[in-house]
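Here are my notes on this one, for you to read with the structure open. I go from helix packing to the domains and then to the ligand.

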Amino acid sequence: MTAPELRDAILRHLTYSLGKDAGTATVYDWRLALSYAVRDRIVDPWFASTKAAYAKQSKRVYYLSMEFLIGRLLEDAIVNIGLLDEAGEAMNALGQDLTTVMLDEPDAALGNGGLGRLAACFLESLSTIGTPAYGYGIRYEHGLFKQSFFEGRQQEAPEEWLQQVHTWEFERPEAAFQIGFGGSVKEQGGRMLWSPDEAVVATAHDTPIIGWRGRWANTLRLWEARAVHGFDLGAFNRGDYFGAAEPEASARTISRVLYPDDTTEDGKRLRLKQEYFFTAASLRDVVRRFDSEYDDLSLLPQKVAIQLNDTHPAIAGPELVRILHDEKGMALDTAIETARGCLNYTNHTLLPEALERWSEGLMGDLLPRHMDLIRKIDEVHAKEYPARTVAMVENGDVKMGELAFTMASHVNGVSALHTELMKETVFQELHALHPERIVNQTNGVTPRRWVLSANPRLSSLVSGKIGMNWVDDLEQLKELEPLAEDSGFRGDYDTAKRSNKAELSNWFAKTHGVKLDPEAMFDVQIKRIHEYKRQHLNILEAIALWQEIHDDPNGDWTPRVKIFGGKAAPGYYFAKEIIYLINSVAEVLNNDPVTSKYLKVVYPPNYNVSLAEQLIPAADLSEQISTAGKEASGTGNMKFALNGALTIGTLDGANVEICDLVGPDNFFLFGMTEPQVVARRADPEHAANAIAADPRLARAIEAIRNGAFSGGDAERFKPIADDLSGKDYFLVCSDFTDYWRAQREVDAAYRDSDTWTRMAVLNTARSGWFSSDRTIRGYMSDVWRASSALA
Ligand code: AZC
């Protein structure tokens, strides 16, 4: 398609789809018109992909996830179909600026963090590789809440992405399933039949996900909940106007909001309803598609691979057994085997509070037949493995991790370290019984969004040297390695980074009214706020540095801007205290006439995928400082390394693999290892001892305690100060001294700009393994046994 053809297509949509005239069209109208014109280019390859998968009788991959943190889709689509230049020209011809129009798109924030963003990267890679696949999830009316700060404290407001027309989806009223809850189970003619006493309808909304070079497109199918009988006319006629709309309102609740907490389940009925709702609708869709092609259910595991993204869809095990056994009449043992042949489970965290458990009472009440089947599955398993001591149901709770594990062919962790810890800790016994089942698949990120689109300066520099094929095969970045020794290339690389930083500074000035010096080091920590991620270690270091600069204001300090971004779960008290502390420290430091030229702290609110795309290319330093053993993998860490930010980090999650690949000389390693963490925690005096041994640390905590950041109010941050000097479960104090040491090495390294750039180039050159294409290929060969349908 040429630019003039695209221009005409945009105008056509503006006129005939939107009913707008070019003279009065707003940026919003132009965005919609452009999106429709681009979407038109995706529909044909999308149909072709669907047809090819049927024609080849390909095995299909189904990725079930409560979360898809997809962000904006327009730029991704334009880039992947290769129309970026044409779109720019066409918009120019129409008197519009492409970037402005693309930035008008709201983020689709149907996820909390890593697990949701991983699902989004996977969808893009599956399409790029040409693996026939569907993503299945929930079409939340409200995605992750909007964060703002009021006097330093986090405020939450509902997110309203659907208030604007969502151009990418196609509603499929014909693809609808009735999903039941509650009721009872009765025997009928030798079969157990579940008759629910409540039901909602799941309706499909499809978004095509186009792969790189536009060769293949898969579907993201999101379910919306509706009432079976939408409107009670009888009630309306009786004058009960609210009552008339009640069934619809109550059904819709199920797809109303994304649970804003990715680490603790609040045990609510609604959450379990959401989980069953989308899992059941998806499985029915999978089985319907299978039935339309094959009439032998024993083929199911050969044709269907289902990936459970964490335990949220783990009810898929009993549900699939129920379909096969109760509905299709398969023998129970065979049904369990067949279901297991299709199912796989990815674990994303070892934090005990994040491992889902549902009370037997709730499960039995909401899903009585599933509760029976869970006990049956457990019995069958126990019979097969008499040595087993862990039960699926324990102390009145159904343990979803055990259920997911037992019903899966493969169980995977998301980094090498995490997978090993899974074997040693949460799944120790199950692993001993099924030593083949746990495999590792280290996470990855899509290079299209996270390098090509997010960092056009770096991308064109790289493509100018090694051509464009790195976008298809990210490990080709290796070819840049010798260029680390080329001063001309280093100069260009540095120029690209500086320009990204200048652009970010301008954005900060315009949107937040703060001036950042692009010459200063941009030190970035962006992720959910959680104690194990230790944003408080970072801010504690800022406090100590501020104090040190005051001691020697004429010292030779390396200017630094610490940038924070991230949301805390609304009910997570301590995380919200950390946010409050960061903002309060920022207030003092940024207004300090002595130190602010050396050290600033900024915290733009409402961190999301789009903000990450702005911050990562401009970062010099990537903070990956979790307590070893707690961060399953991380994916932000990979994005930073690819974009040439150096990491300061602990040996945790995928940091271990990043450090291995880029080399310890190009990575600022600090802190205890996982076994050291465990040993250290056994000493009840660990925090007190660490504080006693490091006067800098003691002084920083003292400043928090005596009100230096709360206008003298010693009460305000007492909980944080007390935790640090008391329990300090995440060992902030014990790692502080080594963190400080590593940070001063960072300072020294940054001052030698040329050497720093050399290290940064090596990070880019050696991080190509972290492409989600590599991860997906790993799942295809080791987990799904699926192949690409592209020739
Ligand atoms: C995250 C992990 O915390 C992160 O380390 C990992 O990179 C990411 O998953 C993708 O695997 N976990 C979550 O987002 N949520 C839960 C419930 O673990």
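1. A word on conventions before the helix pairs: axes are lines fitted to C-alpha atoms, for helices over the stretch in contact, and angles run from 0 to 180 degrees between N-to-C directions. Helices (H or I, at least four residues) and strands (E, at least two) are DSSP runs, numbered from the N terminus. Keep in mind that this is a predicted model, where local features need pLDDT of at least 70, side-chain atom pairs count only at pLDDT 80 or more, and totals for chains, interfaces and linings use all residues. Residue numbers start from 1 along each chain as its sequence is written.

2. Start with α27 (residues 686-693) and α30 (residues 732-751): their axes come within 7 Å and cross at roughly 30°. That makes the two helices, α27 and α30, roughly parallel (angles under 35 degrees count as roughly parallel, over 145 as roughly antiparallel, 65 to 115 as roughly perpendicular and the rest as oblique). On the α27 side, His-686, Ala-687, Ala-690 and Ile-691 make the contact, with Cys-733, Ser-734 and Phe-736 from α30 (contact means C-beta atoms, placed from the backbone, within 7 Å). The tally for this α27–α30 contact is 5 nonpolar, 2 polar and no charged residues. For the classes, Ala, Val, Leu, Ile, Met, Phe, Trp, Tyr, Cys and Pro count as nonpolar, Asp, Glu, Lys and Arg as charged, and the others, Gly among them, as polar.

3. Next, look at α21 (residues 535-551) and α22 (residues 573-590), whose axes come within 10 Å and cross at roughly 20°. So α21 is roughly parallel to α22. Their crossing is left-handed, which is to say that the near helix is turned anticlockwise from the far one by less than a right angle, with clockwise giving right-handed. From α21, Gln-535, His-536, Ile-539, Ala-542, Ile-543 and Trp-546 meet Ile-578, Leu-581, Ile-582, Val-585 and Leu-589 of α22. By class, that contact of α21 with α22 has 9 nonpolar, 2 polar and no charged residues.

4. The pair α9 (residues 269-293) and α11 (residues 316-327) has axes that come within 10 Å and cross at roughly 45°. That angle makes α9 oblique to α11. The crossing of α9 and α11 is right-handed. Here Thr-279, Ala-280, Leu-283 and Val-287 in α9 meet Ala-316, Glu-319, Leu-320 and Ile-323 in α11. This α9–α11 contact divides into 6 nonpolar, 1 polar and 1 charged residues.

5. On to the domains: the chain is assigned domain 1 (3-443) and domain 2 (447-772), with bounds from an automatic or database domain assignment. Over C-alpha atoms, the centres of domain 1 and domain 2 are 33 Å apart. Across the boundary, 46 residues of domain 1 are in contact with 36 residues of domain 2. Which element gives the largest share of the side of domain 1 that touches domain 2? That is α6, with 7 residues. By class, this side of domain 1 has 17 nonpolar, 18 polar and 11 charged residues.

6. Finally, the ligand: 18 residues surround the ligand, the closest being Gly-114, Leu-115, His-348, Thr-349 and Ser-633 (the cut-off is a C-beta atom, placed from the backbone, within 6 Å). This shell has 5 nonpolar, 10 polar and 3 charged residues. Both domain 1 and domain 2 give at least three residues each to the shell.

Technical notes. Contact = placed C-beta atoms within 7 Å.
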